[in-house]
Structure formats: structure tokens, C-alpha cells
Amino acid sequence: MNTLQVGHGELIGWHDPDEHRAWVATHKSRALEDKRTTVREAVERYVPDGAILACGGFGHIRVSMAVIYEIIRQRRRDLTFCGKTAVHDSDILIAAGCISRIEVAYAFGHELRGLSPASRRAAESGRCQVVGEISNAGYQWRFLAAAMGLPFVPARVMLGTDTLAHSSARVVEDPFSGKPICLLPACYPDVVLMHVHRCDRYGDAQIDGIAIEDFELARAARRLIVTTEEIVDDGVIRSQPWRTLIPYYLVDAVIEVPYGAHPTLMPDRYYFDEAHIGEWLRLSKTDAGAAEYFDKYVYGVDGFGEYLELVGGQEQLEYLRQVEHLEAPLRAPWLEEKK
Amino acid sequence: MNRDYTPIELLAYVAAGLLEDNKSVFVGTGLPMIAGMLAQRTHAPGLLIIFEAGGIGPQVPVLPISVGDSRTFYRAVSASSMHDVMSASQSGYVDYGFLGAAQIDPYGNLNTTVIGDWSAPRARLPGSGGANDVGSLCWRTIIVMRQDRRRFVPKLDFITTPGYLDGPGARERAGLPAGSGPYRLITQLGMYGFDEQSRQMKLLATHPGVTVEEIRDNSSFELIVPEDVGTTEPPPPEARRIMREIDPTGMVIGK
């Protein structure tokens with residue numbers, strides 16, 4: 001194949017397919033084993049300094065916040081983040097000093113709420129280095145290539161743009177059509193965090209609502225930490241196996257954490273906690289404010305249960321359930337400022 | 001001039017008017033969502049709305065905050081995945097796509113990545129997100145953005161999303177899907193198309209009360225201005241009422 005263009009972004013998370021097969025053969029058990037553990041143990045074991053990290057969900061939808069807070073608590077450093085649809089996940093990890101490098105499809109923003117003060121500051125000052133650009137579909141297809149055990153997948157995105165020039169993709173002449181085509185290299189994150197609706201003790205996991213890119217990402221992950229709203233008996237999984245998005249052999253750790261995605265949205269369970277996200281966006285305008293936030297909500301609490309009490313306990317969680325089900329009106333501090 | 005509508009209502013109304021019944025549209029949150037929902041509740045009940053995170057054909061009850069929000073698959077025909085909807089777009093199933101930007105050039109190329117030099121940016125913006133994919137894969141893109149001399153520039157600091165690149169045939173030469181590209185651009189001053197021959201930005205209509213001189217003053221490059229420039233139609237009361245219903249908190253429309 002004739003190579004037409006080589007993107008000069010850093011190639012992160014790529015492995016030769018045979019090297020990956022050999023790694024899987026020796027590191028991923030096919031035995032049905034009880035994988036229940038704690039967030040503390042899971043982070044100690046599977047999230048070393050310098051790891052390449054990706055989060056399931058959509059940046060502020062269905063994010064495993066319980067594990068993110070634990071990564072901050074254990075003061076992990078020099079992580080490289082896969083910034084696919086990254087919103088609250090990357091913002092808070094960058095602000096806490098855990099992430100020093102990021103490949104960006106989307107980051108430094110909070111969608112309708114505006115830009116993220118803390119992570120923008122880190123990117124503009126060089127504290128967090130952008131190692132490459134990519135698009136959302138592009139990133140997701142990097143995970144698809146990894147999930148398929150292939151070195152790359154072809155796609156018709158990014159062509160002709162600086163996004164491609166700053167990515168790790170390449171353009172070749174397609175041997176079938178003769179047209180230029182973009183080759184997206186596989187990306188195998190060292191560790192992926194995912195929050196799901198239900199899962200059994202072995203790791204068989206079900207997600208309600210849109211899968212976003214978690215089907216591909218779970219299969220691309222070398223290590224996969226799953227937090228779940230509830231651990232169910234494997235009989236529940238086996239009674240409706242067509243609902244299983246993630247089979248157990250992909251999963252390394254299972255932790256039951258009800259409301260474990262707070263303050264991000266958990267479809268059909270609870271809506272964004274806009275009061276909490278608003279507090280973060282307000283405090284994170286300065287480094288001192290961000291430090292105050294971490295002291296209060298991460299370092300200052302002993303576990304996720306205590307954190308939930310601090311953010312308003314059962315009353316607030318019940319309100320978020322009602323908003324998610326369109327039974328209560330949305331209140332958001334940033335919305336008040338817009339008016 | 002005395003108006004009884006907000007600038008955002010006008011933009012959303014004009015954008016909605018471009019969407020046809022029984023076609024499909026990729027929308028983001030904010031104004032595009034209002035345009036899509038308004039079109040659905042008026043002239044285009046069969047409009048298929050698609051979200052990049054996997055929501056397909058929802059009956060959106062209230063404005064979502066995120067393109068992955070549960071509102072994006074409320075009473076939808078499918079709650080799917082990004083791979084599915086991006087593949088549908090790559091296969092030609094998606095007619096329209098909405099885009100916004102911090103900078104635009106005469107060919108409709110867009111920048112949402114950096115202001116200044118990429119390696120040492122003056123301002124770091126969120127990046128492509130799904131924008132490059134929408135701009136690459138949909139048949140026709142509709143760009144909605146604010147217009148001023150810093151945003152309408154002859155050369156972008158960074159091409160995040162492809163418009164017509166550097167002119168006629170450039171998209172196809174780069175390997176992008178044939179026959180796709182920017183269709184309309186709507187700003188607070190007027191509506192533009194892209195000239196068939198040169199693929200450069202061409203004024204089609206000014207908003208009520210806006211002069212061609214104002215349009216020219218708010219661009220750093222020479223715009224194509226034909227002799228017969230139209231005027232956009234302001235939103236009638238019924239459209240405004242529907243938009244208030246869609247966005248009761250004024251999240252996007254304002255007060």
C-alpha cells in the first residue's frame with residue numbers, strides 16, 4: 001500500500017497484534033472467578049503511575065467516579081489519558097495532578113456548561129501535555145481495531161485536516177477503490193474504568209441505555225475495572241444473556257458502588273448533580289479552589305458512602321432520581337448565571 | 001429596531017427551516033437541538049434525529065445538557081452506540097449535520113482546537129469531538145456560529161473539521177465522501193451558502209435590519225455578495241411558543 005501521509009501525533013497504546021495475543025494468553029483468565037474487591041485494592045493493583053487510562057461512558061455520563069476519586073486519593077501521577085469525549089472525568093483528574101499527558105478527541109470542556117477552567121489552565125501552561133489530536137469516531141474506531149485484534153481500521157474521517165496531521169493516524173491509497181483512506185491505529189489502554197447498571201461477581205456486566213463506545217472499549221482494555229450499581233446473582237444475567245455487553249473474561253475487578261457515577265448521569269437511575277458540578281466549576285477557577293474541593297470531597301472523606309452523605313445524602317439522591325425520570329425540575333447554578 | 005424575538009430564536013428558526021421532512025439529521029446540544037425539535041413539531045414531523053453517542057429517533061421531552069444525556073434516547077427507536085451511528089453516517093444515511101466553531105475560513109473549514117500555535121496555544125479549545133466526523137461524513141452540514149472579524153478569517157489557526165478544504169474537488173481528492181460538504185452557514189447577521197464554482201462563502205440573506213455593509217465589516221476576508229440578497233423570515237409567534245416549550249428554562253434561548 002502506498003502511504004500518502006503520516007500523522008505526527010504520538011502513537012499511544014498501540015501493540016503488535018501478536019504481542020497483544022501473547023499478553024492476553026498469559027494475563028487474562030478464562031476461569032469463572034469471583035472478582036469482587038474494593039476500589040482501594042483495584043486501584044492499588046491495576047492503576048500504576050504512568051499507565052494509559054481510559055474511562056467508559058461519555059465524560060459526564062456513566063463515569064466510574066468512585067474509582068476516579070480513589071486514583072486521586074492514592075495520588076497516582078503521570079497518567080496518560082485517552083481523551084475520548086472527556087468531560088468531568090479528565091477535568092478532575094488533570095486538576096488533581098494525576099494526568100500529565102492526554103490525546104484529545106474532546107477535552108477541556110463541559111458541553112453546555114462551558115469550558116473547564118482547571119484543565120484548560122493545565123493545558124495552556126504545559127502542566128498537561130496534549131500528545132495528539134483525533135476525532136470522536138476516530139478514537140472509538142481505534143478501540144474497535146484493538147477489540148478486533150487488528151493493527152488498524154480504515155475510516156473516512158479526519159482526511160485533509162490538521163486533526164489528522166496532529167494524530168497518530170496515517171493515510172494510504174486504498175487498494176480496492178484507489179482512493180485515499182485514513183488508517184486508525186489500534187489503542188489498547190493499560191486500564192479502563194467502567195460503571196454499569198448490574199454485574200455478577202464474575203464480571204458479566206449489563207448497561208441500560210446507549211452503550212456509547214463501551215462495547216469496543218471493554219474489549220480494547222488490558223485491565224478493566226467495573227463498578228456497578230448492584231451486584232446480581234449470575235442467574236439474573238443468565239436469564240437474559242442478550243443484555244450482557246461485557247462478558248466476565250474481559251473484567252479484572254468488580255466493585256459494588258451504588259451511585260458510583262455521581263455527580264455524572266446514570267441513565268434511568270439519576271441525573272447530573274448540577275449543584276455539585278457547579279460547585280466544582282466555581283471552585284476550580286483557581287488552583288487554591290480546586291485544592292479546597294479535593295480536601296473536602298476526596299482526601300477528607302473515608303470512602304464513597306461518606307462522600308454521598310456530604311453531597312446531600314438520600315434526599316439529594318432522591319431528587320436526582322426524580323429529575324432523571326422527569327418528575328422534578330432541573331436546578332443548575334450555571335443556568336441561573338446564564339439568565 | 002424593535003423585535004419581539006431573541007437572536008437565538010431567530011437562528012434556531014432559520015436553521016429549522018433548512019431541515020426537510022423524512023430526512024435525517026445529526027444534532028448536538030444547544031441550538032441545533034432546538035432547531036431539530038422545532039422542525040419536527042412544525043413542517044418536518046418525519047425528521048429523524050440522531051445523536052453521536054447512540055440515541056436514534058428520540059421524542060426528546062426537554063432540552064438535553066449533553067449529547068449522551070438520557071433525554072437523547074427518550075422514547076427513541078434505538079439506544080445504540082457511537083460505532084453504529086458513525087457507521088450509518090459513513091454509509092450515507094445521514095443527510096444533515098450541525099456544526100459550530102470558533103473560527104471559519106472562506107471554504108467553510110472550521111477550527112475548534114486552538115487559538116494561536118498548536119504547541120503553545122493562546123487558548124486551548126475542546127478539539128474535534130464529533131465535529132470532524134459530522135463534517136466528513138454527513139451529506140450536508142449546517143454551521144451555526146457567531147460572526148466577527150476574529151472569527152471570519154482568511155486562514156485558520158488549525159483546521160479541525162473539513163469544509164471544502166482549498167476549493168472545488170479538494171474533499172474528494174483528500175478521500176472524503178463524494179458530494180458531501182458545507183451547505184449553509186447561519187450567523188447573528190445572516191445566512192450564507194458556498195458558491196458552486198469556487199466553493200467560497202456567499203451571502204444568501206441578511207437577517208431583518210442587517211445591512212450588507214455590516215456583513216462585510218464583520219469578516220476579515222472578501223465575501224461573495226450577489227446582486228439579489230434576500231432577507232430571512234423572523235420567527236412567527238407560534239414557532240416562538242414551541243421553542244419556549246422545548247427550552248422552558250431558557251437554557252439556550254435565553255430570556
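Chain A holds 14 helices and 13 strands, in what is a predicted model. Its radius of gyration is 20 Å, which agrees with the value near 20 Å that a compact globule of 339 residues would have.

**Overall form of chain A**

- Taken along the principal axes, the box filled by the C-alpha atoms of chain A is roughly 60 × 50 × 35 Å.
- Of the 339 residues in chain A, 55% count as buried.
- When contacts in chain A between residues at least 6 apart in sequence are considered, 76% of them join residues that are at least 24 apart.

**Strand 9 of chain A and its partners**

- Strand 9 of chain A, which spans residues 191-199, has eight of its nine residues buried, and it is therefore largely enclosed by the rest of the structure.
- Strand 11 of chain A (residues 223-231) runs parallel to strand 9 of chain A and is joined to it by eight bridges, with A:Val191 having A:Arg223 in strand 11 as its bridge partner.
- Strand 2 of chain A (residues 52-55) is likewise parallel to strand 9 of chain A, the two being joined by three bridges, and here A:Cys55 stands opposite A:Leu193 of strand 9.
- Strand 10 of chain A (residues 205-206), by contrast, runs antiparallel to strand 9 of chain A through two bridges, and A:Cys199 has A:Ala205 of strand 10 as its bridge partner.
- Strands 9 and 10 of chain A form a hairpin with five residues between the strands, in which A:Gly203 adopts a positive phi near 115 degrees.

**Contact between chains A and B**

- Chain A and chain B each give 49 residues to the contact.
- On the side of chain B that touches chain A, the elements giving two or more residues are helix 3 (82-90), strand 9 (120-124), helix 4 (131-137) and helix 5 (170-174) of chain B.
- The residues on that side of chain B comprise 20 nonpolar, 23 polar and six charged.

**Helix 6 of chain A against helix 3 of chain B**

- From helix 6 of chain A, A:Asn136, A:Ala137, A:Gln140 and A:Leu144 meet B:Met82, B:His83 and B:Met86 of helix 3 of chain B.
- The residues of this contact between the two helices divide into four nonpolar and three polar, with no charged residue.

Definitions and conventions:
Residues are numbered from 1 along each chain as its sequence is written. Chains are lettered from A and ligands numbered from 1 in the order in which they are written. This is a predicted model: local features need pLDDT of at least 70, side-chain atom pairs count only at pLDDT 80 or more; totals for chains, interfaces and linings use all residues. Two residues are in contact if their C-beta atoms, placed from the backbone, lie within 7 Å. Helices (H or I, at least four residues) and strands (E, at least two) are DSSP runs, numbered from the N terminus. Ala, Val, Leu, Ile, Met, Phe, Trp, Tyr, Cys and Pro count as nonpolar, Asp, Glu, Lys and Arg as charged, and the others, Gly among them, as polar. The radius of gyration is taken over C-alpha atoms; the globule rule is 2.2 Å times the number of residues to the power 0.38. A residue is buried if 20 or more other C-beta atoms lie within 10 Å of its own, exposed if 12 or fewer, and partly exposed in between; C-beta atoms are placed from the backbone. Two strands pair if DSSP finds at least two bridges between them.
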